[in-house]
Amino acid sequence: MKWLFFVTNGIGLAANVSDMIYYRFTLKRTTASVFDIFQNEDNMLSLWGQFLLDYWYAVIFWGLLVLLMVWGYNRFRAVPFPLKPWWKYSLIGTGFFVLTLGLTIGGMRGGFRHSTRPINISNAARYVDRPEQVAIVLNTPFAILRTFGKSVFKPVKYFPEEKLADIYTPVFDSQKSASGISPDSQKQNPNIVLIILESFGREHIGALNSDLENGEYKGYTPFLDSLIQQSWAFDNAYANGRKSIDALPSIVASVPSLIQPYIVSEYANNEINGLAGLLDKVGYESAFYHGAPNGSMGFLAFTKMAGYDQYLGKTEYNNDDDFDGMWGIWDEPFFQFFANDMNRLKQPFFSTIFSLSSHHPFAVPEKYEGVFPEGPLPLHKCMGYTDMALKRFFETAAQFPWYKNTLFIITADHCTVPFHKEYKTSVESFAVPLLFYKPGDIAPKMDHGLAQQTDILPTVLSFINYPYPFIAFGNDLFSASPDQRFVANYFNESYQFLHKDHVFYFDGNKITGLYNLKEDPLQKDNLIGEVDLPGGERLMKAYIQQYINRMREDRLTLK
């Protein structure tokens with residue numbers, strides 16, 4: 001046991017000391033990808049020898065730490081003591097084992113709440129003011145262990161670098177009036193309110209399913225249906241992931257979760273151009289609202305990385321009478337808190353709320369039991385409740401002076417269990433609502449073109465005529481033609497890429513599936529070998545290459 005302790009901790013100390021040197025080259029804690037970086041080096045022995053010579057002082061420092069560990073270990077000795085009779089030993093030993101096991105699991109997860117996710121390297125951002133400080137909070141053994149065995153972004157080269165940008169580039173240059181809306185230098189920039197609805201799959205919204213059930217489908221969101229009639233809405237919009245932790249980077253930073261969720265990837269602490277940080281450059285104050293316990297889902301850490309000025313959660317709400325007993329504050333009172341609290345923000349402001357009541361175990365407040373249609377899925381009554389909360393939010397917000405100069409964007413984080421066969425496909429399992437609402441500035445219409453969560457950031461920046469360049473892995477929906485629009489996500493170890501009427505499935509080396517969604521929405525007829533679509537395949541490969549290259553090179557933002 002003693003030597004096991006010395007060896008394992010000696011390796012951990014060596015990893016930490018190595019990063020005292022290596023950090024200056026990478027500007028991030030070493031992760032498991034270091035083994036991929038050096039796996040093809042055939043002179044590792046001589047390299048390590050040179051490293052030890054060049055940084056001899058680090059070796060000495062590590063040796064001193066090991067000596068301190070050995071001295072401390074031998075200074076204290078465990079003293080055995082008997083427990084008789086045998087049953088008492090068994091009872092006390094089992095009790096201590098269960099207690100230790102419980103504390104260990106809680107420590108690994110970072111808490112005991114239902115909403116807590118196991119801590120990962122991105123959680124470090126919660127405790128810093130700037131992204132470059134994250135490495136101080138982390139330690140190298142943790143960063144390596146937490147990313148070991150994870151799918152990593154292998155470098156790809158489908159096209160020469162000099163031709164890549166001609167096919168696809170995520171860099172958006174400053175554009176004058178790209179949205180087609182004439183800028184008014186005398187008018188203040190609009191406030192921007194982003195509403196992300198938990199588990200609001202597009203399937204359950206009547207206004208976005210005019211052909212479902214032979215045109216008789218009503219859905220479960222009467223208020224959202226009425227708002228869609230006054231908005232620029234999309235009935236072919238999709239999420240870029242299947243989980244809440246996939247959604248936030250996609251929506252707020254235009255960074256999709258391909259291969260693995262960005263928040264838990266080894267690149268989670270790369271500097272990104274989040275919408276809040278970009279808007280800060282043109283005078284916006286920003287705030288993020290989530291009714292769960294602060295830090296739930298890793299949102300507090302990520303919102304700091306994305307540039308939000310403030311985070312307001314269950315702690316700031318400060319009234320446990322409205323706690324749902326599981327996830328956080330019920331949507332109705334928290335949406336009211338959201339509406340009223342925005343009144344203190346300096347205009348123009350950018351605020352975001354992430355709802356939570358439409359979540360397992362699919363309950364509504366006791367006073368609303370039996371009020372909302374049950375539907376065939378337990379989720380449906382929760383959607384009715386959150387839809388009502390959304391209606392009350394707009395009624396309250398409309399009373400404030402900032403309301404008339406505000407752009408509202410509403411979408412969902414991901415889908416949930418489908419009911420209709422039309423939504424039981426790999427494509428429609430990502431289907432979410434998307435709408436932009438600002439009377440007088442955006443004409444109401446139903447847009448049948450493709451859209452995705454990563455399109456939100458460039459579209460919003462286009463709307464306000466943002467003057468600086470930025471990176472976004474989506475499209476400006478105002479200016480993108482049907483040939484330019486696409487949807488990218490990752491499904492069952494394959495890229496799923498929608499372009500025009502078709503969907504491609506790509507394993508990184510070859511196309512494994514091709515379907516015409518217009519003629520074959522249930523995806524029964526694989527067209528590989530029958531149809532050649534080089535334009536869509538080239539766009540998909542260029543997109544993947546740009547994404548992986550910039551992820552690996554820490555180039556998710558422009559300096």
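Predicted model: local features only at pLDDT ≥ 70, side-chain atom pairs only at ≥ 80, totals over all residues.
Strands of a sheet pair through backbone hydrogen bonds, in either the parallel or the antiparallel sense. Strands β5 and β7 pair in the parallel sense over six bridges, and E285 has F349 in β7 as its bridge partner. On the side of β6, β5 again pairs in the parallel sense, over three bridges; there Y289 stands opposite L312 of β6. The antiparallel case is β8 (residues 406-412) with β9 (residues 434-437), which pair over four bridges. Within that pair, I409 has F436 in β9 as its bridge partner.

Five of the six residues of β5 are buried, so this strand is largely enclosed by the rest of the structure.

**Helices α14 and α15**

Helix α14 (residues 331-341) packs with helix α15 (residues 379-397) at an angle of about 25°, and their axes are 9 Å apart. The angle is under 35 degrees, so α14 counts as roughly parallel to α15. The crossing of α14 past α15 is right-handed.

On the α14 side, the contact is made by D331, E332, P333, F335, Q336, F338, A339 and N340. On the α15 side, it is made by Y385, T386, M388, A389, L390, R392, F393, T396 and A397. By class, the contact has ten nonpolar, four polar and three charged residues.

Burial in α14 extends to most of the helix. Ten of its eleven residues are buried, so α14 is largely enclosed by the rest of the structure. These buried residues are D331, E332, P333, F334, F335, Q336, F337, F338, A339 and D341. They pack against β2, β5, β6, α13 (314-317) and β7 as well as α15.

**Backbone features**

Most residues other than glycine have a negative phi, and most peptide bonds are trans. The table lists positions in this model that depart from one or the other pattern.

| Position | Feature | Value |
|---|---|---|
| Q347 to P348 | cis peptide bond | omega near -5° |
| H360 to P361 | cis peptide bond | omega near 15° |
| S254 | positive phi, not a glycine | about 55° |
| Q523 | positive phi, not a glycine | about 55° |

P348 is in the loop between α14 and β7, while P361 is in the loop between β7 and α15. S254 lies between α10 and α11 (275-280). S254 is buried, with a relative accessible area of 1%. Q523 belongs to the loop between β16 (511-516) and α17 (534-552). Q523 counts as buried because its relative accessible area is 13%, which is under the 20% cut-off.

**Two further loop residues**

S199 is located in the loop between β2 and α9 (222-228). With a relative accessible area of 6%, S199 is buried. Neighbours within four places in sequence aside, S199 is in contact with S358, L379, D413, H414 and T416.

F478 sits in the loop between β12 (470-471) and β13 (486-491). Its relative accessible area is 25%. Because this lies between the 20% limit for buried and the 50% limit for exposed, F478 is classed as partly exposed. F478 and F335 are 143 residues apart in sequence, and their C-alpha atoms are 29 Å apart in space. F335 is one of the buried residues of α14 and takes part in the contact with α15.

Definitions and conventions: Residues numbered from 1 in each chain as written. Heavy atoms only, no water. Helix = DSSP H or I, 4+ residues; strand = E, 2+ residues; numbered from the N terminus. Buried < 20%, exposed > 50% of the residue type's maximum accessible area, 1.4 Å probe, protein only. Pairing = 2+ DSSP bridges. Contact = heavy atoms within 4.5 Å. Axes fitted to C-alpha atoms, helices over the stretch in contact; angles between N-to-C directions. Parallel < 35°, antiparallel > 145°, perpendicular 65-115°, else oblique. Left-handed = near helix turned anticlockwise from the far one by under 90°. Nonpolar A, V, L, I, M, F, W, Y, C, P; charged D, E, K, R; others polar.
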